Amino acid sequence: LYDRLQTQTSHQIELLDQMLTQYEAEPDSETRRSLLAKAAVIGAYIKRRGNLMFIGEKSNITDTTELSACLDESFANLELMGVECAVDIPGKNSIDIRDAIRVYDFFEAVTEAAMDDLRFVWLKARSLEDAVIFYLQAESEIELSTLSELSDTCVYEEGVWRFSLRIGKAGEQA
């Protein structure tokens with residue numbers, strides 16, 4: 001399980017290593033602080049991604065509350081970078097652990113791609129009868145259209161990227 005986590009987060013582990021190496025060599029205290037905040041975001045993802053994998057070892061199903069806890073920790077670290085964050089995910093919706101990981105991985109991909117220009121991130125989920133739709137908005141001038149391959153929809157308007165991911169509730173098809 002540890003080896004699988006290391007393999008699945010190898011990109012983030014390398015990124016974290018680069019940031020910490022930069023931190024040690026950086027003389028400017030403000031730049032050092034920024035690098036530490038970015039490292040905290042990456043570290044939170046690695047930790048919480050591992051938690052989701054551990055849950056997946058016991059059950060194929062999790063609650064959206066667990067995904068919300070992962071995002072809350074990531075958002076707390078993004079706020080250290082001055083990013084405004086909001087999350088609204090209704091609890092008590094059972095989803096496949098693979099889908100929880102898909103949503104969290106997508107959030108991380110957006111965060112990493114836009115990290116140097118991210119001003120706000122908003123993630124909201126809407127529960128339907130047979131599915132949960134996740135809406136992610138990120139304000140950034142950085143080009144994120146390549147991430148549209150990972151989402152169901154992608155729109156860019158007035159500096160804000162809007163993505164959606166539709167996942168089935170556990171035991172149902174979206």
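Which residue in β7 is the bridge partner of Ala138?

Mentor: In β7, Trp161 is the bridge partner of Ala138. Before going further, please note that this is a predicted model, in which local features need pLDDT of at least 70 and side-chain atom pairs count only at pLDDT 80 or more, while totals for chains, interfaces and linings use all residues. Residues are numbered from 1 along each chain as its sequence is written, and side-chain values use heavy atoms, with hydrogens and water left out. The pLDDT, which is the predictor's confidence in each residue on a scale from 0 to 100, averages 94 over the protein, and 98% of the residues score at least 70.

Helices (H or I, at least four residues) and strands (E, at least two) are DSSP runs, numbered from the N terminus, and two strands pair if DSSP finds at least two bridges between them. Another bridge between these strands links Phe134 with Leu165 in β7, and Phe134 in β5 also stands opposite Ala125. Strand β4 and β5 are joined by eight bridges and likewise run antiparallel, and a hairpin of three residues connects β4 to β5.

Taken together, five strands form an open sheet with mixed pairing, in the order β2-β4-β5-β7-β6. Its edge strands are β2 (84–88) and β6 (153–157), each of which pairs on one side only. Neighbouring strands of this sheet are turned by 15° against each other on average, direction ignored; axes here are lines fitted to C-alpha atoms, for helices over the stretch in contact, and angles run from 0 to 180 degrees between N-to-C directions.

Helices also pack on this sheet. Helix α4 touches β2, β4 (120–127) and β5, and its direction makes about 170° with that of β2, where contact means heavy atoms within 4.5 Å. Helix α5 (residues 97–114) packs on the sheet as well, touching β4, β5 and β7, and its direction makes about 170° with that of β7.

As for β5 itself, seven of its nine residues are buried, so this strand is largely enclosed by the rest of the structure; buried means under 20% relative accessible area, exposed over 50%, and partly exposed in between, with a 1.4 Å probe and protein chains only.
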